[in-house]
Amino acid sequence: MTTSYKELATRGVQGLTPYLPGKPIEELERELGITDSLKLASNENPLGPSSYVQKQLEKEVSGLHLYPDGSAHKLRQRLASEHQLDMPQVTVGNGSNDVLELIARAFLTANDSAVFSEYAFAVYPIVVQAIGAKANIAKAYAADHASMPYGHDLEAIKNSIDAQTKIIFLANPNNPTGTWLEPDNLYQFLSSVDEKIIVVLDEAYFEYMPESLKPDSVKWLSEFSNLIITRTFSKIHALAGLRVGYALSNIEIADLLNRVRQPFNVNTMAQVAACAALDDRQHVANSIILNTQGLKQLMIGLDELDLHYIPSIGNFITVDMKQDAAPLYNALLQEGVIVRPVANYGMPNHLRITVGNKQQNERVLMALDTVLHPDSNGTNHD
Ligand SMILES: Cc1ncc(COP(=O)(O)O)c(C=O)c1O
């Protein structure tokens, strides 16, 4: 092969670093020859999809020779009524990652810039870089910030806007930090941004937020024409494997996103499961309770291990291991526990742990104890 295909690729793609997903369970079990490993690495819902969702899916299997409804009419209608919006304001995606990419493709060129915070969700730099647009990364709050270490600093974000800025990405709460924006501050920020700049408010973990911290973001759509809200079925609705997410925006923006959307980007099973998941409010309520208890359990256990963590309102918690976290991550793998290293976010000493069920949380705390204190028998977490 004499041709460098890399040189043939666009400048943006040449500079891309691929997204690093959490290590799959199957891979670890193959490597270690074990069968009972635990993955708390991708912020999935430990309850799994509800039995109601599973039943609806079973009914759909015999129709899989047919293409999906390309306009996802029923799902969009259902989402519109859920949020008291009009159906044309809803754009569906193959996960919200897909929606984030649609937004970048619809609005950015190589001559534009996009703004997001340091430590913000890893897909923002990827979708921006893929187009060859410039990423203006705003400094986050410092590690010793009193209330929101590593959090988005809206003032710094505003100061990172330049004449080329077309999009601002905000994650609330943010992954991997779990940090959040106070509703009033977010509202002030939106009021201050020129309406020519699109503000993407990524609310992948919205349903997990305490009520007092949930912004009225959907209501704000009528006030801020430049606002796009993204949400997902991967987290509280426990459908990460099916890939469904969506955007809520004004109709003109939704129309533009739909022009770049693949017509069948959300498959039949995903559409059916998403509608069913919205109907199963008990499963959402149970998931919130489990997460609240699990987050508390993890915080108590981490305190006992004398480990500091970033305050989180998501379904995960990011822990300062006070040393290079890579060897500890590998040692946890040997214990059959997969967590998420976040060195690719510029946080080499941290590990992100997804909140599991009671037993899973106990196991990860015990495994942490074992890898941190290999010479002792470990602390009792009962
Ligand atoms: C902040 C944030 N946004 C978006 C996503 C994308 O989720 P999905 O593509 O599964 O909808 C994630 C996934 O982890 C996330 O953490």
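The largest pocket of this predicted model has a volume of about 570 Å³. A pocket here is an open set of points on a 1 Å grid over the protein atoms alone, with protein on both sides within 12 Å along at least five of seven lines, and lining residues have an atom within 4 Å of a point. Grid points are joined across faces, edges and corners, and a volume is the space filled by probe spheres set on the points. The lining of the largest pocket consists of 20 residues, and E82, H83, F206, K214 and R231 are the ones nearest its centre. Two or more lining residues come from each of α5 (73-83), α10 (217-220) and α13 (281-304). Among these elements, α13 gives the most, with 4 residues. Helices (H or I, at least four residues) and strands (E, at least two) are DSSP runs, numbered from the N terminus. By class, the lining of the largest pocket has 8 nonpolar, 4 polar and 8 charged residues. In this classification Ala, Val, Leu, Ile, Met, Phe, Trp, Tyr, Cys and Pro count as nonpolar, Asp, Glu, Lys and Arg as charged, and the others, Gly among them, as polar.

Two conventions apply throughout. Residues are numbered from 1 along each chain as its sequence is written; side-chain values use heavy atoms, with hydrogens and water left out. Local features of the predicted model need pLDDT of at least 70, side-chain atom pairs count only at pLDDT 80 or more, and totals for chains, interfaces and linings use all residues.

The second largest pocket has a volume of about 500 Å³. It is lined by 28 residues, with Y19, S42, N97, F121 and K235 closest to its centre. Helix α6 (residues 96-107) provides the largest share of this lining, 3 residues. The lining of the second largest pocket divides into 11 nonpolar, 10 polar and 7 charged residues.

A polar backbone atom of N97 is 3.0 Å from an oxygen atom of the ligand. On the side-chain level, a polar atom of D202 lies 2.6 Å from a ligand nitrogen atom, and a polar atom of S234 lies 2.6 Å from a ligand oxygen atom. Taken alone, the ligand exposes 400 Å², of which the protein buries 94%; these accessible areas come from the Shrake-Rupley method with a 1.4 Å probe, and for residues only the protein chains shown count as cover.

The largest cavity contains about 50 Å³ of space, and its lining is made up of N45, P46, Y208, S287, L290, N291, N315, V355 and G356. These residues comprise 4 nonpolar, 5 polar and no charged residues. The second largest cavity contains about 40 Å³ and is lined by S50, V53, H237, A277, D280, H283 and V284. Its lining has 3 nonpolar, 3 polar and 1 charged residue.

A cis peptide bond joins N172 and P173, with omega about -5 degrees, and P173 lies in the loop between β5 (165-171) and α9 (183-192). Another cis peptide bond joins N175 and P176, with omega about 20 degrees; P176 is also in the loop between β5 and α9. A72, although not a glycine, has a positive phi of about 45 degrees, and this residue is found in the loop between α4 (51-60) and α5.

Terms used: On a 1 Å grid over the protein atoms alone, a cavity is a set of points where a 1.4 Å probe fits but cannot get out, and a pocket is an open set with protein on both sides within 12 Å along at least five of seven lines; lining residues have an atom within 4 Å of a point. A polar contact is a pair of N or O atoms within 3.5 Å; within protein, one must be able to donate a hydrogen and the other to accept it, and residues adjacent in sequence count only if both atoms are side-chain atoms.
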